[in-house]
Amino acid sequence: MHDVTAAHGESKLTYFWVWGGLLFLTAVEVVLAYRQVLQPVRMLEVLLVLSVIKAALITLYFMHLKSEIRPMRWLLLISVSGCFFLMWVFFFPDANRIIHLGVK
Amino acid sequence: MATVQHAVQDVYEPSLFGTYSKKIGMWLFLASDSLTFGALLFAYSYNRIANPAWPTPFHKESIANATVMTACLLSSSLTMVLGVLAANRGDKAWTRNWLLATMFFGAAFTVLHAMEWTKLMGEGMMPWKNPWAETVPQFGGTFFTLTGMHMLHVTIGVIYLGVIALRKKFLPILLLLWLAGWLATPAQSIFHYGIHVLLLGAIVSAIILFLKPKDYDSQDVEVAGLYWHFVDLVWMFIFPLVYLMSTKVV
C-alpha cells in the first residue's frame, strides 16, 4: 500500500512559504494590470508567464508532484504540454500572425 | 495427460508509477479537465488579442473583489494541504477541521463570484450582449462560460470535500443549503435555478454514501486534495486573463 506519510517530505513551513509566494505573485499581477504598465500583447505574455509559475508552485508543492517518481512527473508534463502544442499548431500560422493584427 | 500448473499470483504487480491507483486515476482526470479549460482559455485569449474593441469594464471594485476571491482560493489550497498532512498523521479531528476551513473558503469564493455575476447582469451584461461594446457580443459569452465552468467545479469540489469530511451528516446540511438558497434568491435571478446543482449534488452524494459506505482514509483526503488544488490552479489562469486583461483604467 502506498505510504502517504513517507512520500511527502515538505514541512508545514514550506507550504506557508509557497502560499506567501503565490499571494505575492498575485499582487504583482494586480499592480501590473491596474497601472497598465504594458501593452495588451506584452501584458498577456507577462501574465501567462506569472500564471505558469504559480501553476508550477501549486502542482509541485500543494499537489505533491515533486514527491512522485520521475516517470509520472514527465508523463504528465509531456502529455499535457503536447496537447497544448496541438491546440497551437492547428491555429498556425494564424496563431502567430494574430500578434501583428488587431490590438498592439 | 499432463496437467499444466500456473504459479498463483497472490499479489498485484507493482504500480507503474509507484503510487496507488486512485491517485493515478485522479491525475488522469485532471489532465483531461486541464485540456477542457485550456481550450476555453486559448479560444478566449485569441479573441481578446484579436479584437481592438474588446471592452474593459472591470473597475477597481471588481478587481478588488476578484483579488479577494483569489486570496480565498489560495488560502483554501493551504488549508487543504494542511488537512492532507493531518490525515497522514491520523489526526481525524484536525483533518475534518482543515477540510471544513477549505469548504468555507470555497463557499466564500462562490458567494463573492455570484455577487459579481449579479452586479454585471444588473448593468446589462448577458452571454449574448454587453452594454460597453456592441461590436463585441462574445465578451459576455466568453466571460460567463469560463467563470461559470470554474464556479461549477468549485461547487462540486465543496460538495466532494463535505462528503469526505462529514459523510452522511453532510446530506441534511446540503439539502438545507439548497432550500435556503432557492427561497432566498429572487425568481428572476439565474442562481434561483443554478442552486439546484446543490440538490443534484445531494442526490449523487446520497447514492454514493448509501451504496458504498466507507470510512474515508488519508488516501481519499489526498485524492480530494488533488481535485481541489486543480480548481485553484485553473483560477490562476482565469483571473489574470479574464479580469486583469479587461481592467478599466480611469
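The pLDDT is the predictor's confidence in each residue, running from 0 to 100. This is a predicted model, so that score comes up a lot: local features need pLDDT of at least 70, side-chain atom pairs count only at pLDDT 80 or more, and totals for chains, interfaces and linings use all residues. Residues are numbered from 1 along each chain as its sequence is written, while chains are lettered from A and ligands numbered from 1 in the order in which they are written.

For chain A, the mean pLDDT is 80, and 77% of its residues reach 70 or more.

Now for chain B. With eight helices and zero strands, its pattern along the sequence reads α-α-α-α-α-α-α-α. The C-alpha trace of chain B spans about 85 × 40 × 35 Å along its principal axes. Of the 250 residues in chain B, 37% are buried, meaning that 20 or more other C-beta atoms lie within 10 Å of the residue's own, again placed from the backbone. Taking contacts in chain B between residues at least 6 apart in sequence, 76% join residues at least 24 apart.

One helix pair in chain B is worth a look. The axes of H1(B) (residues 21–50) and H4(B) (residues 138–166) come within 11 Å and cross at roughly 155°. The two helices are therefore roughly antiparallel, the word used for angles over 145 degrees. On the H1(B) side, Leu40(B), Tyr44(B) and Asn47(B) meet Gln138(B), Thr142(B), Thr145(B), Leu146(B) and Met149(B) of H4(B). By class, that makes four nonpolar, four polar and no charged residues; Ala, Val, Leu, Ile, Met, Phe, Trp, Tyr, Cys and Pro count as nonpolar, Asp, Glu, Lys and Arg as charged, and the others, Gly among them, as polar.

Finally, the two chains touch. Chain A puts 41 residues into the contact and chain B puts in 43. On the chain A side, H3(A) gives the most, with 12 residues. Sorted by class, the side of chain A that touches chain B has 29 nonpolar, eight polar and four charged residues.

How values were computed:
Axes fitted to C-alpha atoms, helices over the stretch in contact; angles between N-to-C directions. Helix = DSSP H or I, 4+ residues; strand = E, 2+ residues; numbered from the N terminus. Parallel < 35°, antiparallel > 145°, perpendicular 65-115°, else oblique. Contact = placed C-beta atoms within 7 Å. Buried ≥ 20, exposed ≤ 12 C-beta atoms within 10 Å, placed from the backbone.
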